[in-house]
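Work through the exercises below with the sequence and the model open. Try each task before reading its solution.

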Amino acid sequence: MLQKLFYIFKPLIPRKLQILLRRQLVKYQRKKYTDVWPILPSSASAPDGWRGWPDGKKFAFILTHDVELQGGHDKCKHLLLLEKELGFKSSFNFVPERYFVDPDLRKYIVENGFEVGVHGLNHDGKLYSSKEEFLRRAKKINNYITEWNADGFRSPAMHHNLEWLRHLNILYDASTFDTDPFEPQSDGVGTIFPFWVDGNGVGNGYVELPYTLVQDFTLFITMNEPGIEIWKKKLDWIAENGGVALINVHPDYIYFGSGKKSYQEFPKEFYLQFLDYVRTRYENQYWHVLPKELAIFFKNFHFNR
């Protein structure tokens, strides 16, 4: 109920005020949740029968991007080239009916060895307002999944209902997290590993890929952190425990150095520093693949253990 009210009144609240209010709330929450964030110790338990990552790699490393608005859409090539130059690849998740998603951009992303996914339908907070509404939108979402040849889905604002998501024709969903008390729907799944969600005869089974590194907006805009120490700390812990380091970085919030920096942008150098840390600190120790490749691997493990 509170969530529904929030999305009714959200358009009436200026964006700067929204961020200011969230910053005040987060100050309180950070003190309250130190025992479960950024690290939830119990989330390190590996799946039953776990045999480890391919080629004896220490952990898996996955890059994902949710593209919120047209401005983020227009930054995607910059971000792709930045990652490609450093030897990384990622997925870009677009909102089909919120802004124009250029077919040529989608083609460019795939041709460069990256991935395209679907990020909700409208990004208006109403996808899960009722099962009837979800099923109505699921038909359209499935059409975009087919049209875009997409394998993955992520809900806006990390809202989720794993049972309803069975109605999407997907290989994987990425709408959850191991632990993140700062999200609107803050029920973490409590694991740094993927897991299988069975269809149970009412829909499709799929792999769930929780993100395990705090989102960029939370870290740099809401928490106003001056650097990447929290990312590094959590990454080191995931590597030590052999899980999946999966991050969600939004091109919308990255400042690439053109024009005046917005109050809700962070310097691209933060992201570059993080990628460089992974590349140098853990050289030849991580299995870096696209989300769809991770999902295929885990699905095969699940049905052959």
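The model is predicted, so local features need pLDDT of at least 70, side-chain atom pairs count only at pLDDT 80 or more, and totals for chains, interfaces and linings use all residues. Residues are numbered from 1 along each chain as its sequence is written, and side-chain values use heavy atoms, with hydrogens and water left out.

**Exercise 1. Describe how helix 4 packs against helix 9.**

Step 1. Two packed helices are described by the angle between their axes and the distance between the axes. Helices here are DSSP runs (H or I, at least four residues) and strands are DSSP runs as well (E, at least two), numbered from the N terminus. Axes are lines fitted to C-alpha atoms, for helices over the stretch in contact, and angles run from 0 to 180 degrees between N-to-C directions.

Step 2. Helix 4 spans residues 76-85 and helix 9 spans residues 268-281; their axes come within 11 Å and cross at roughly 30°. That makes helix 4 roughly parallel to helix 9. The classes are: under 35 degrees roughly parallel, over 145 roughly antiparallel, 65 to 115 roughly perpendicular, and the rest oblique.

Step 3. Helix 4 contributes L79, L82 and E83 to the contact, and helix 9 contributes K268, Y271, L272 and L275. Contact means heavy atoms within 4.5 Å.

Step 4. Sorted by class, the residues of this contact of helix 4 with helix 9 are five nonpolar, no polar and two charged. Ala, Val, Leu, Ile, Met, Phe, Trp, Tyr, Cys and Pro count as nonpolar, Asp, Glu, Lys and Arg as charged, and the others, Gly among them, as polar.

**Exercise 2. Find the angle between helix 4 and helix 5, and list the residues of their contact.**

Step 1. Helix 5 covers residues 103-111, and its axis comes within 11 Å of that of helix 4, with a crossing angle of roughly 5°. Helix 4 and helix 5 are therefore roughly parallel to each other.

Step 2. On helix 4 the contact uses C76, K77, L80 and L81; on helix 5 it uses L105, Y108 and I109.

Step 3. The contact of helix 4 with helix 5 has six nonpolar residues, no polar ones and one charged.

**Exercise 3. Is H119 buried or exposed, and which residues does it touch?**

Step 1. H119 lies in the loop between strand 3 (115-118) and helix 6 (131-147). Its relative accessible area is 1%, so H119 is buried.

Step 2. Beyond four places in sequence, the residues that H119 touches include D66, E68, N93, F153 and R154. A polar atom of the H119 side chain lies 2.9 Å from the backbone oxygen of R154.

**Exercise 4. Compare the backbone and exposure of D55 and H123.**

Step 1. D55 has a positive phi of about 60° although it is not a glycine. H123 has a positive phi of about 60° and is not a glycine either.

Step 2. D55 sits in the loop between helix 2 and strand 1, and H123 in the loop between strand 3 and helix 6.

Step 3. D55 is exposed, with a relative accessible area of 74%, whereas H123 counts as buried at 17% relative accessibility.

Technical notes:
Buried means under 20% relative accessible area, exposed over 50%, partly exposed in between (1.4 Å probe, protein chains only). A polar contact is a pair of N or O atoms within 3.5 Å; within protein, one must be able to donate a hydrogen and the other to accept it, and residues adjacent in sequence count only if both atoms are side-chain atoms.
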